[in-house]
Amino acid sequence: DDDDENENILNNEKVIHGPHSALKELIENSLDASATQISILCKDGGKKLLQITDNGIGIREEDLEIVCERHTTSKLENFEDLEAMETFGFRGEALASMTYVADVAITTARSGEKCAWKASYRDGKMREGTKEMCAGVTGTTIAVENLFYNVKTRRNALKSGAEEYAKILDVVTRYASSRPDVAFSCRKVGETRATVNAPLVVLSSSGGGGSEGDREDGEENEPSPSSSSSPSRKNDRLQKCRLERIGQIYGPTVSKELLPLRLKTNNDKLEKKMAQFHMECDILYSNANYKAKKTTFILFINGRLVECSALKRAIEIAYQSVLPSSSREKPFVFLSMKLPFKDVDVNVHPTKREVHFMHQEEIVERVQTALEKALVKSNAARTFTVQTLLPGAQEKINS
Ligand code: ADP
Ligand code: MG
């Protein structure tokens, strides 16, 4: 029995590395529940308390009993088959894992219900007698307290509150960059001012900054239809909203140096001769004016925040090969990639962070080449304007 318990704790440690990885799962659940507002509250960097409140669809009362059991997922009905669902990472594991290494409490209300319900959880189960009715608005609040209270080695391995909070902010700002249609805020207990406050981005019909001339056509060969609801128009709008959002959270000095780039595989004849795969990429990349000591690479695949070290390396190489070698500046790149679900393996790593996907080498190479081309273009434009002031700048064009 003791062994069983140890096994359980070990398994759950793999999924939950610290407050930030718990938060990633919680944010994803809120987004899956169609939330448009997500507020996070932390105490001691999330170690004492990590609480997330959303205005999503809520959890049914009858599901409260089982929601923290392993393999409980409501997401099966939304997917055509189990395989697609599993590759997307819905394994009904995140909440369960948290209850084995922390105190978890859920308060939730479905729309149209007169009241909310709350309950507390431990070790994959609802704690007896804790379920009760309460007041509440539509949505869900999940509080995770005393993370690793029962795993001393993990608890000791956590960093200071300030450092853990920095990791939490990193997750929040990354998700916020990708989803300008959702308001995000993050605050420390005891502070009235939020550390991150990103209200919903609403574009005025005129387009709200970013001239049309900035558009890069990448490999997209589609005729640009005039209908405002066409996929490519929708993408342009989303990218503009993301720029605005990145301005809200990273500051205008970052967002004003970012350019959009879109890549998409076609199914034309040439393409058919090569390996068949489908991929769509929406990128925001920093130009040569952007100054930073560290690379910021924000990667989403099919709407999930992930990591891909091969892609990150390729992007750094693209910048190194195009920017003058005297420049030690590191890039800022936001990349949202859509791939067929079956092509993505999120299960190579227990926390689902590092991903593998089919045709990875070709896709990475394409992104690198497209970015290099785009950088040469934007860098040449810049060098040209600088050139009138500095006659020595010419050589950079061809380097
Ligand atoms: P998964 O997301 O893989 O289904 P989780 O353990 O993350 O597994 O969540 C289990 C289930 O709990 C979800 O399928 C969903 O039904 C429910 N759930 C979790 N968080 C929320 C939320 N914020 N709003 C509504 N339902 C939620
Ligand atoms: Mg989940």
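## Contacts of I40

In this predicted model, I40 touches L23, I27, L50, Q51, I52, V172, S185, C186 and R187, leaving aside residues up to four places away in sequence. I40 also belongs to the largest nonpolar core, which has 58 residues. Within that core, I27, I40 and I106 touch the most other members.

Helix α6, residues 161-178, gives the most to this core, with 7 residues. A second, separate core has 35 residues, including Y285, Y319, I363 and A374. In soluble globular proteins, nonpolar side chains tend to be buried together.

## V172 in helix α6

One of the contacts of I40 is V172, a residue of helix α6. V172 counts as buried because its relative accessibility is 0%, and the cut-off for buried is under 20%. Leaving aside residues up to four places away in sequence, V172 touches L23, I27, I40, F184, C186 and V196. L23, I27 and C186 are also among the contacts of I40.

V172 can also be placed relative to I249: 77 residues separate V172 and I249 in sequence, and the C-alpha to C-alpha distance is 9.9 Å.

## Aromatic pairs

A pair of aromatic rings is described by the distance of the centres and the angle of the planes. The structure holds 4 aromatic pairs. Y250 and F332 form an edge-to-face pair, with 5.2 Å centre to centre and 80° between the planes. This pair links distant parts of the chain, with Y250 in helix α7 and F332 in strand β14, 82 residues apart. F332, at 1% relative accessibility, counts as buried.

F300 and F334 form a tilted pair, 6.0 Å centre to centre and with 35° between the planes. This pair also joins distant parts of the chain: F300 is in strand β12 (residues 296-301) and F334 is in strand β14, 34 residues apart. Both F300 and F334 are buried. Ring pairs link Y175, F300 and F334 into a cluster.

## Second largest pocket

The second largest pocket holds about 530 Å³ of space. Its lining consists of 20 residues, and S178, R179, L238, R242 and G303 lie nearest the centre of the pocket. By class, the lining has 7 nonpolar, 5 polar and 8 charged residues.

Four elements each supply at least two residues of this lining: α2 (19-32), α7 (231-250), β11 (280-286) and β14 (332-338). Helix α7 provides the largest share, 4 residues.

## Cavities

The structure holds 2 cavities of 30 Å³ or more. The second largest cavity has a volume of about 40 Å³. The residues lining the second largest cavity are S286, N287, A288, Y290, Y319, L323, S327, E329, K330 and P331. By class, this lining divides into 5 nonpolar, 3 polar and 2 charged residues. Y319, one of the lining residues, is also a member of the second, separate core.

Technical notes: Residues numbered from 1 in each chain as written. Chains lettered and ligands numbered in written order. Predicted model: local features only at pLDDT ≥ 70, side-chain atom pairs only at ≥ 80, totals over all residues. Heavy atoms only, no water. 1 Å grid on protein atoms, 1.4 Å probe; cavity = no way out; pocket = protein on both sides within 12 Å on 5 of 7 lines; lining within 4 Å. Points joined across faces, edges and corners; volume = space filled by probe spheres on them. Nonpolar A, V, L, I, M, F, W, Y, C, P; charged D, E, K, R; others polar. Core = buried A, V, L, I, M, F, W, Y, C linked by side-chain atoms within 4.5 Å. Buried < 20%, exposed > 50% of the residue type's maximum accessible area, 1.4 Å probe, protein only. Contact = heavy atoms within 4.5 Å. Phe/Tyr/Trp six-rings, centres within 6.5 Å; stacked < 30°, edge-to-face > 60°.
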